[in-house]
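Biologist: Could you walk me through reading this one? I'd like to take the domains, then the contacts, then a sheet.

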Amino acid sequence: MTESWGQFKSFESKKFKALDPKFTAEVCKLTGGQDLTTCFQCAKCSAGCPVSDKVNIQIHEVMRMLVFGLTEVLQTDMIWLCTTCYTCQERCPQGIDITDILFGLKNMAYRKGIAPSGYVTSAKALYDVGKLYSPTEWEREDLGLDDVPELDVSETKKMLNKTKLLKLQEGM
Amino acid sequence: MTQSYEVFLGCAIPSRFNNYESSMRAVAKELGIKLIDFDGASCCGTVVLKSIDEHSWLSMGGRNLALAEQRGHDIVTPCNGCFGSLKDTAHVLHDKKQLKAVNKVLLGLGLEYTGKVKVRHFVEVLYDLKDEIAKKIVKPLDGLKIAFHPGCHLIRPSNVAEFDDPELPGKVDELLELTGAKSVSWGLKLKCCGSPLLIANEDIATEILREKMKSAKEAGANCVVTNCPACHTQFDVQAIGIKDENDESLELPALFITQILGLAMGLDSEQIGFELNRVPLDPISDILGL
């Protein structure tokens, strides 16, 4: 199966139909997005990024696409190959919360069905079990560890019903 | 004075690294840190959920924070992922609008979060007790050359983590060197381990790990030490069989900080749980006295 993400591979011979100021404004409203338009393309973010040499579109290019209002940014591989290490955010001379903006972009892409399949599986697991992994009982017994305190899953389910976690991709 | 915390284990430790929990509990007991079980803990929130939906992430983390707050306890966690996620949640919830939206969800569970809980990493608590730890070292680990990997969310973003210098951290290294071991400086020490990419692209996660291991080897380290189960998954699970371009093995024994401290403090070896470390410890077994 071809993954739905990372389809935007290069700027080469790319023509953009429209620059969408509404999209830029929308991204500015994300958590961490308030200083987005102060980016002056020093590329310090990409210089410290652990996947700069592994992605088609680097993080400083993502930032430029956002200022230009190019919604194609949601199709770049940088969005989902961000390791969330926060080095770019830590070093940005303009104080832009770059990593946090990427989380917001991931949220947008996810709703459009543009996400690695592992995230869809994880959303289901978090809903069903309230956790990502279950304890390995025999190891705990060997080490004399007590049982992990129980979680009443109906509580987290109730909460995630309210936030509509499993319905985010409806209407895509 | 006895310190007490609700201990937030997260999902990965009880699943994959029970030796981390066991050694942490042994060290905590020796130092008089009281760890109270965290009743009703769910997933911390995690960057996975933050990537999917911010509101669900804040609600998941907010519920955990509210539970501890209701019981009047601060939180300690040995996991960088839980530490980063819970602290980040608390940070975002300084915003009144976000807090209101989360409390609307929590109200359905009879909970409310008001922002009173402190979240600490277990190594932060240890750092406060470094003088006591120094007095308790009975078995020096001379000859151990550690490539210490702090991991990202312990130190970045620094305005959220509030623990150590994000570009030149040294606090955990200080703790490790109390044992007589040497924390070597290595080129890619602060680079991400690649673990968060296991969900999206395992090949790239492995490539990052390979770069890290090469750097650790070049610096002359004879083991890697972490304070995070997500990073440890890279160094003690994914690293098995890893080789460089000349087909030379890049494996290094991978240990948790609490195993190093526990051993040097002369604690019960069963609780330190070395038999659960996956990469063979043979290259350093003499130094460890195994």
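Predicted model: local features only at pLDDT ≥ 70, side-chain atom pairs only at ≥ 80, totals over all residues.

Biologist: How should I read the contact between chain A and chain B?

Modeller: Two residues are in contact if their C-beta atoms, placed from the backbone, lie within 7 Å. Here 47 residues of chain A and 51 residues of chain B take part. On the chain A side, the elements giving two or more residues are α4 (77–81), α5 (87–91), α6 (98–111), α7 (117–129), α8 (137–142) and α9 (153–162). Helices are DSSP runs of H or I with at least four residues, strands are runs of E with at least two, and both are numbered from the N terminus.

Biologist: Which helix gives the most to that side of chain A, and what classes of residue are there?

Modeller: α9(A) gives the most, with six residues. By class, the side of chain A that touches chain B has 24 nonpolar, 13 polar and 10 charged residues. Ala, Val, Leu, Ile, Met, Phe, Trp, Tyr, Cys and Pro count as nonpolar, Asp, Glu, Lys and Arg as charged, and the others, Gly among them, as polar.

Biologist: And how is chain B divided?

Modeller: Into domain 1 (3–122) and domain 2 (139–288), with 24 Å between their C-alpha centres. Their contact draws 25 residues from domain 1 of chain B and 28 residues from domain 2 of chain B. On the domain 1 side, α2(B) gives the most, with nine residues.

Biologist: What about the sheet in chain B: which way do its strands pair, parallel or antiparallel?

Modeller: Strands of a sheet pair through backbone hydrogen bonds, either parallel or antiparallel. Two strands count as paired if DSSP finds at least two bridges between them. In chain B, four strands form an open sheet in the order β6-β5-β7-β8, with parallel pairing. The edge strands are β6 (182–183) and β8 (254–256) of chain B, each pairing on one side only.

Biologist: Which residue in β6(B) is the bridge partner of B:Ile146?

Modeller: That's B:Ser183. Two bridges join β5 (residues 145–149) of chain B to β6(B).

Note on methods:
Residues numbered from 1 in each chain as written. Chains lettered and ligands numbered in written order. Domains from an automatic or database assignment.
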